[in-house]
Amino acid sequence: MQRSLFAFILAALLLPALLVAQDPFEIEVYGYRTAARSEWELDAHLNYIARGSTVFDGSVAPSEHQGHLALELTRGLTDHVEVAAYLLSAYRPGAGIEYAGARVRSRVRAPETWRLPVGLSLAAELEFSPAAYDENAVGLEIRPIVERRVGRLLLDVDPVLERGLRAHAGARLGEWELEPSARLGFTMSRTLDLALEYYGKLGETAAERVHQIYPGMDLKLGEDFEINLGVGFGLTSSGSRMVLKSRFEIPLDR
């Protein structure tokens, strides 16, 4: 137990080294669990960028004052495998409400019978984006997920790998990028968790690197309905510098 607690504390102290940029539509650190067999879940991600970029970056529109809504529908295929589909929409000044892309994802997790010291799962996601919201028309995300609980503390680390598969006209297709994210949560009661999340991007130069921190909370209302609320602060001049984020998790078959 002492070794587990020491490892947990050490990981928490190293979290600042994992800061990376975050998807402005789905601002979430994944836990390792998947939806149960035959279970349907609906997540609604509603975010607002209060302070972001103010000029176009190639075809990508300025992010400041954009509002984002992502609807995520998840289905448990087995007790350890799930699939999900996303529909993205956005509001941006001067353009109004727009279609902002679609995604499909699959995720598999290690069963409890393996008796691992941590929870493990792996997600793969294909992303399809208009030019105004991403320089890549098609992208791939690979997300390993590691979870460890010690008492009331819960640590999730997602060392995400991303790469564009097809760029929009005039954009350069990039290489693989490491985009880990992490969440340290503390259970206050049966209905309330407090959390600290980190996101960012490991660019090739200092000007391309982004560091963000999101204090927030999870509210459990009823048996399975959950609301996540948070405020993000950028620690560098790159990327969004203030973001309001929320997520509503709604079971559909209970």
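Start by selecting R115, which at 75% relative accessibility counts as exposed (exposed is over 50% relative accessible area, buried under 20% and partly exposed in between, with a 1.4 Å probe and protein chains only). This is a predicted model, in which local features need pLDDT of at least 70, side-chain atom pairs count only at pLDDT 80 or more, and totals for chains, interfaces and linings use all residues. Residues are numbered from 1 along each chain as its sequence is written, and side-chain values use heavy atoms, without hydrogens and water.

R115 sits in the loop between β5 (96–109) and β6 (119–128); strands are DSSP runs of E, at least two residues, numbered from the N terminus. Its phi is near 55°, a positive value in a residue other than glycine. Most residues other than glycine have a negative phi.

Next, select S38, in the loop between β1 (20–21) and β2 (40–51). S38 also is not a glycine and has a positive phi, of about 70°. With 40% relative accessibility, S38 counts as partly exposed.

Last, go to the largest cavity, by selecting R149, R152, L154, R183, G185, F186, T187 and D193, which line it. A cavity is a set of points on a 1 Å grid over the protein atoms alone where a 1.4 Å probe fits but cannot get out, and lining residues have an atom within 4 Å of a point. Its volume, the space filled by probe spheres set on points joined across faces, edges and corners, is about 40 Å³. Strand β9 (residues 177–187) gives the most to the lining, with four residues.

How values were computed
1 Å grid on protein atoms, 1.4 Å probe; cavity = no way out; pocket = protein on both sides within 12 Å on 5 of 7 lines; lining within 4 Å.
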